[in-house]
Amino acid sequence: MNDPSEKGFSRDAAGGNGRGEAEATLRLIARLPAPEGLEERVRASLRAAPRRGRILAWPAAFRPESGWMRAAAAAAIVFVVAGGGWGVYSRVEQRQPARTVVLTPRVPAPGGFASAGAVRTPQTLNGPVVAHPATTQAEQSKVPAQPAEKPGRRARPAKGAKASAQLAAPPAR
Amino acid sequence: MEIPEQAVRDEAGQRAEEAALAALVSQYAATLYRVAFSVLRNPADAEDAVQEAFVRVLRHRETLREVRDQRVWLIRIVWNIVLDRKRRAKTRPETDDVSELARVLPSDGLSAEEIASAAQHHAHVLSCVERLPAKEREVLMLSAFEELNSVEIASVLEISESSVRSRLFRARNLMAGLLQHTRSLR
């Protein structure tokens with residue numbers, strides 16, 4: 001198998017020539033013959049080896065390809081939707097009938113006084129009378145002119161007339 | 001009792017797979033051993049790695065039909081196994097490479113002195129190979145196999161062919177530098 005010129009212990013290899021030295025050594029090792037009976041030993045180890053990796057398998061009914069997973073998922077969705085709907089329904093209050101207080105008619109006690117058909121009417125109170133305070137003309141003049149009145153402005157009264165009016169009017173209380 | 005047709009077919013398929021696997025063993029066991037030995041440099045470990053590789057093939061024999069190049073596929077399996085083993089073995093003390101090489105390498109017609117000197121030389125070269133960066137070292141080691149071309153090396157290492165070439169170039173230069181350096185120190 002090996003060429004005599006490339007023997008591992010040739011004098012060239014021992015001498016060395018730089019770059020090729022490494023490759024010569026590696027090539028020498030790469031050409032080493034395999035030991036006797038290697039194939040037989042490998043075959044024996046293959047016979048002794050377990051055929052397949054042992055994997056825990058699902059029972060046939062639980063295998064994914066049987067479709068049980070899809071059915072279980074569908075059932076879970078239905079359960080969640082129905083449960084949620086029922087939860088909402090159970091929390092919403094039903095419409096209650098109007099609460100009325102039934103008063104029993106008053107039956108006069110025997111031997112007592114009768115009302116003689118009198119109906120009691122509550123005494124209505126007179127509400128407070130709101131008295132509008134009298135405003136002076138001076139206060140009136142302070143009030144800004146209304147926008148509606150703008151187009152037709154009335155002429156101002158004369159100064160003298162205003163003073164006489166103030167004297168004539170009684171002081172506001 | 002009637003034997004179902006499916007069972008007969010399964011049995012026949014299993015036999016065919018076993019025959020294919022036996023053929024693979026007789027065809028590639030030696031190649032895989034050499035690949036394993038080039039990394040581990042221990043006959044027993046290399047043989048273990050080959051056995052492990054074929055056991056893995058047995059476990060995944062369904063994929064065997066889909067494999068395009070079975071030789072490269074098997075080399076990739078054993079390559080990964082030996083790299084993994086080597087990584088784990090780093091915690092163990094290094095074996096004596098010189099004596100191991102002297103025992104393993106062919107030595108027809110050589111004196112004991114010559115054998116010892118050559119073994120020492122190869123051990124020194126291999127120690128320099130070990131000092132290379134992992135990427136360059138892997139390409140250099142695989143390039144020593146004449147059965148593998150650059151495309152196949154690229155397939156084993158799962159890199160591009162141009163990467164293989166550039167890494168090989170770097171590895172050779174680094175090796176030359178390392179050997180030169182060690183020689184100048186002597």
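How many helices and how many strands does chain A have? Select chain A and display its secondary structure: there are 6 helices and 0 strands, where helices (H or I, at least four residues) and strands (E, at least two) are DSSP runs numbered from the N terminus, and along the sequence the pattern reads α-α-α-α-α-α. This is a predicted model, in which local features need pLDDT of at least 70 and side-chain atom pairs count only at pLDDT 80 or more, while totals for chains, interfaces and linings use all residues. Residues are numbered from 1 along each chain as its sequence is written, and chains are lettered from A and ligands numbered from 1 in the order in which they are written.

Keep chain A selected and colour by burial. Of its 173 residues, 9% are buried, a residue being buried if 20 or more other C-beta atoms, placed from the backbone, lie within 10 Å of its own.

Next, show both chains and turn to the contact between them. Chain A contributes 30 residues and chain B 42 residues, with two residues in contact if their C-beta atoms, placed from the backbone, lie within 7 Å. On the side of chain A that touches chain B, two or more residues each come from helix H1 (11–15), helix H2 (19–30) and helix H3 (38–48) of chain A, and H2(A) gives the largest share, 10 residues. That side of chain A divides into 15 nonpolar, 7 polar and 8 charged residues; Ala, Val, Leu, Ile, Met, Phe, Trp, Tyr, Cys and Pro count as nonpolar, Asp, Glu, Lys and Arg as charged, and the others, Gly among them, as polar.

Now select H3(A) together with helix H2 (residues 43–59) of chain B, whose axes, as lines fitted to C-alpha atoms over the stretch in contact, come within 9 Å and cross at roughly 45°. The contact is made by Leu38(A), Arg41(A), Val42(A), Ser45(A) and Leu46(A) on H3(A), and by Glu47(B), Val50(B), Gln51(B), Phe54(B), Val55(B) and Leu58(B) on H2(B). These residues divide into 7 nonpolar, 2 polar and 2 charged.

Finally, move to helix H7 (residues 150–157) of chain B, where the buried residues are Ile153(B), Ala154(B) and Val156(B). Viewed down the axis of H7(B), its buried residues fall within an arc of 160°, so they line one face of the helix, the arc being that of the directions from the helix axis to the C-beta atoms. Just after H7(B), Glu158(B) takes a positive phi of about 55°.

Notes: Buried ≥ 20, exposed ≤ 12 C-beta atoms within 10 Å, placed from the backbone. Axes fitted to C-alpha atoms, helices over the stretch in contact; angles between N-to-C directions.
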